[in-house]
Amino acid sequence: MFRFLTAGESHGPCLTMIVEGLPAGLTVEKDIIDADLRRRQGGYGRGGRMKIEKDAISFLSGVRHGKTLGSPITLQIENRDWVNWEERMSAEPVEAEIEAVSRIRPGHADFTGAIKYGHKDVRNVIERSSSRETASRVAVGGLCRQFLGQFGISVHSHVLSVVEVGYEEERAMTPAAYPEEMWEAVEASPMRCADEALTEKMIARILEAKRTGDTCGGVFEVVAFGAPIGLGSYSQWDRRLSTRLGMAMMSIPSVKAMEIGAGFGATRATGSHVHDVLRHAEDGSWFHLTNNAGGIEGGITNGEPIVVRVGVKPIPTLAHPLPSVDLASGENIEQSRYERSDVCVVPAAGVVGEAMMNIVLTEALIEKFGGDSMEEMQKHFRA
Ligand SMILES: Cc1cc2nc3c(=O)[nH]c(=O)nc-3n(C[C@H](O)[C@H](O)[C@H](O)COP(=O)(O)O)c2cc1C
Ligand SMILES: C=C(O[C@@H]1CC(C(=O)O)=C[C@@H](OP(=O)(O)O)[C@H]1O)C(=O)O
């Protein structure tokens, strides 16, 4: 069984991850994980914190001489901002009076977290509800990416829209719709969008929001290539790959919607326009003429690219804050709190989405072809 846990406060000393269930003998490179961490830090619209952090992992257990041992893998990412927070975030009691945060930000976890855990200082909520935690997911996803690569599976993401600015035509989801050059253009774009003109328009939209103290959401797409037919199952609700991808994508903070394949679009057309016609090629392989199912039928991969589209709400912290409540006084106030914040994170959230796709596929691949070593797993996979 593959599983992982993450720990760490946003302004604490570090983030820690423990990953269990990867087979022994997998070659893992720190540089590949660090490159993913850098991609998550990027994207137009990020705030001041990303100028401080230089995310990179250290392996603390489970890897020797560049190969997994089959034992739990511990990863760590340093929070460089910690030096500015040592007193405010000290695990030990401190002499100094630390001012409590009490003005609730609408749309963040401030209200629900404070009420649920009985915190009088919203700082105690912010620290773990912060999406700093998504760096941990990307690190775990970077391990999974290297594992899946050994079985010919690769995962990419790109941005489809920011607020109302996006592709006007419905995009196909067949393998031909994703040429290799497209991903090169995505990686070169500050919006992680292959279309240069659209990239410019998205940036202009973010700037416009920023000028008025506002924030932006949008939609990203994650695509997995090379997954074999047969991952996931219809046998129980929680074994469907669609269920597991839904949970994984919806777990990303600020994600409010997800579609598989044509998604809501499939509800606006009739069956003859939606279902993907199956063909059998002369070499014995299977393929579909379209991919509206997004690579999953009956909760099981069908051999086509797995395509999910994920909706990200606008960032809750506004430079021009909304009215709210002060938790300490109970008074309605004209302005909630503003602190340093991102304005748009759709490109970064896409990289987190890639990580979650890598994680779900790793779990499903191990479930189907599992083995204690890579050699054993490769044998099962080939069979
Ligand atoms: C990569 C990333 C960075 C984020 N940065 C911020 C930020 O700087 N300020 C903020 O208010 N919210 C930010 N968010 C969104 C909040 O973390 C999120 O809205 C909050 O945890 C509440 O969860 P919910 O939106 O899922 O309800 C970010 C989200 C992601 C994925
Ligand atoms: C630290 C990260 O994102 C943070 C997510 C976040 C939030 O409220 O979710 C608030 C901001 O934190 P800070 O208040 O320290 O500037 C973001 O920078 C990160 O992505 O690594």
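Around ligand 2 there are 13 residues, and those that come nearest are R49, S130, S131, R132 and R340; a residue is near a molecule here if its C-beta atom, placed from the backbone, lies within 6 Å of it. Sorted by class, the shell around ligand 2 holds 2 nonpolar, 5 polar and 6 charged residues, where Ala, Val, Leu, Ile, Met, Phe, Trp, Tyr, Cys and Pro count as nonpolar, Asp, Glu, Lys and Arg as charged, and the others, Gly among them, as polar. This is a predicted model, in which local features need pLDDT of at least 70 and side-chain atom pairs count only at pLDDT 80 or more, while totals for chains, interfaces and linings use all residues. Residues are numbered from 1 along each chain as its sequence is written, and chains are lettered from A and ligands numbered from 1 in the order in which they are written.

Ligand 1 is surrounded by 20 residues, of which S131, P253, S254, T317 and D342 are the closest. This shell divides into 9 nonpolar, 9 polar and 2 charged residues, and its largest share, 3 residues, is supplied by helix α10 (residues 346–369). Helices (H or I, at least four residues) and strands (E, at least two) are DSSP runs, numbered from the N terminus.

S130 lies in the loop between α4 (123–129) and α5, and S130 counts as partly exposed because it has 17 C-beta neighbours inside 10 Å. The rule is that a residue is buried if 20 or more other C-beta atoms lie within 10 Å of its own, exposed if 12 or fewer, and partly exposed in between, with C-beta atoms placed from the backbone. I315, in the loop between β15 (306–312) and β16 (324–325), is buried because 24 other C-beta atoms lie within 10 Å. Not counting residues up to four places away in sequence, I315 touches T215, S341, D342, V343, C344 and V345, where contact means that the C-beta atoms of two residues, placed from the backbone, lie within 7 Å.

UniProt also places the feature "binding site" (unreviewed entry) at R40 and R46. Is R40 buried or exposed? R40, which lies in helix α1 (residues 30–41), is buried, because 27 other C-beta atoms lie within 10 Å. Leaving aside neighbours within four places in sequence, R40 is in contact with T134, A135, V138, A348, V351 and V352. R46 lies in the loop between α1 and α2 (49–52) and counts as partly exposed, because it has 19 C-beta neighbours inside 10 Å. With neighbours within four places in sequence again left aside, R46 is in contact with D342, V345 and A348.

We turn next to a sheet. Its 4 strands form an open sheet in the order β1-β2-β6-β3, with antiparallel pairing; two strands pair if DSSP finds at least two bridges between them. At the edges are β1 (3–7) and β3 (57–61), each of which pairs on one side only. Neighbouring strands of this sheet are turned by 20 degrees against each other on average, direction ignored; the axes are lines fitted to C-alpha atoms, for helices over the stretch in contact, and angles run from 0 to 180 degrees between N-to-C directions. Strand β3 is joined by 4 bridges to β6 (residues 73–78), to which it runs antiparallel, and I57 stands opposite I77 in β6. Helix α5 (residues 134–149) packs on the sheet, where it touches β1, β2 (14–20), β3 and β6, and its direction makes about 35 degrees with that of β2.

Finally, consider a detail of the backbone. Most residues other than glycine have a negative phi.

Key: UniProt positions renumbered as here; feature names shortened; annotations may be inferred.
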